[in-house]
Amino acid sequence: MSSEDRREAILDVATDIFLSEGYASASMSTIAAKLGGSKGTLYNYFKSKEELFAAYVQRSCIFHRGEIADLLLEDGDARTVLTAFARGYLRAFTAEPALQNWRVISAESHKSPEIGRLFYESGPLAGARILAAYIEKAVARGALVVPDIMVAAHHFTSLIHGRMIKARLLNYIPAPSDEEIAAEVEAAMFVFFAAYGPKD
């Protein structure tokens, strides 16, 4: 097993333990035991539990960002592309794995603000910048009229992020159906394009 494969295997095990036990209850000993190695081997890759948790945060952000970012590379009119993106976004972030990540990372961010900064910069902010790059191209071809690109990107994610994801995080609703997601996204698109669509 290569060094990179070994590192990924450690992160796989650490992820399972962080999600099932939480950061505070997880220990390097438990992770090493489940991995089938020694703590010494673990410390060769990560100097501390804090460093391992930071790597987990970054990897989870990259994974979830990659799940939906490719949707913005599709051809088509802006409303069609953004609708597909919004549906993928809402489907990904109302699923249990993403919710578990949010809960674990948010809980730790209260005690470790640097973890919160890392998560925000690697996740929500990086995602908003990817969306902003698409919006900028849409503006250039006249498909959107946007005075502030980043503000519009944050408006977009807020419209699709608010109600369902909050309710899911609090276990208020079950995972939404495709039909429920489509209806939620359609309402968000109506508001977004009322604000930023071309004015004839």
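In this predicted model, Asp12 forms a salt bridge with Arg59, the closest N and O atoms lying 2.9 Å apart, where a salt bridge is a side-chain nitrogen of Lys or Arg within 4 Å of a carboxyl oxygen of Asp or Glu. The pair links distant parts of the chain, since Asp12 belongs to helix α1 and Arg59 to helix α4, 47 residues apart. Asp12 is partly exposed, with a relative accessible area of 41%, and Arg59 is likewise partly exposed, at 24%; buried here means under 20% relative accessible area, exposed means over 50%, and partly exposed lies in between (1.4 Å probe, protein chains only). Local features need pLDDT of at least 70 and side-chain atom pairs count only at pLDDT 80 or more, whereas totals for chains, interfaces and linings use all residues. Residues are numbered from 1 along each chain as its sequence is written, and side-chain values use heavy atoms, with hydrogens and water left out.

The secondary structure of the chain comprises 11 helices and zero strands, helices being DSSP runs of H or I with at least four residues and strands runs of E with at least two, numbered from the N terminus. Of the 200 residues in the chain, 43% are buried. Among contacts with a separation of 6 or more, 67% are made by residues 24 or more positions apart, a contact being defined by heavy atoms within 4.5 Å.

The buried residues of α4 include Leu52, Phe53, Tyr56, Val57 and Ile68. The buried residues of this helix pack against α1 (3-21), α2 (28-35), α5 (78-93), α6 (96-111), α7 (113-122) and α8 (124-140).

A search of the whole structure finds eight salt bridges. One of them joins the side chains of Glu96 and Arg168 at 3.5 Å, N to O, and this pair links distant parts of the chain, with Glu96 in helix α6 and Arg168 in helix α10 (residues 163-169), 72 residues apart. Glu96 is partly exposed at 34% relative accessibility, whereas Arg168 is buried at 6%. Another salt bridge connects Lys111 and Glu108 at 3.6 Å, N to O; these residues are separated by about one helical turn because they stand three residues apart in helix α6. Lys111 is exposed at 54%, while Glu108 is buried at 5%.
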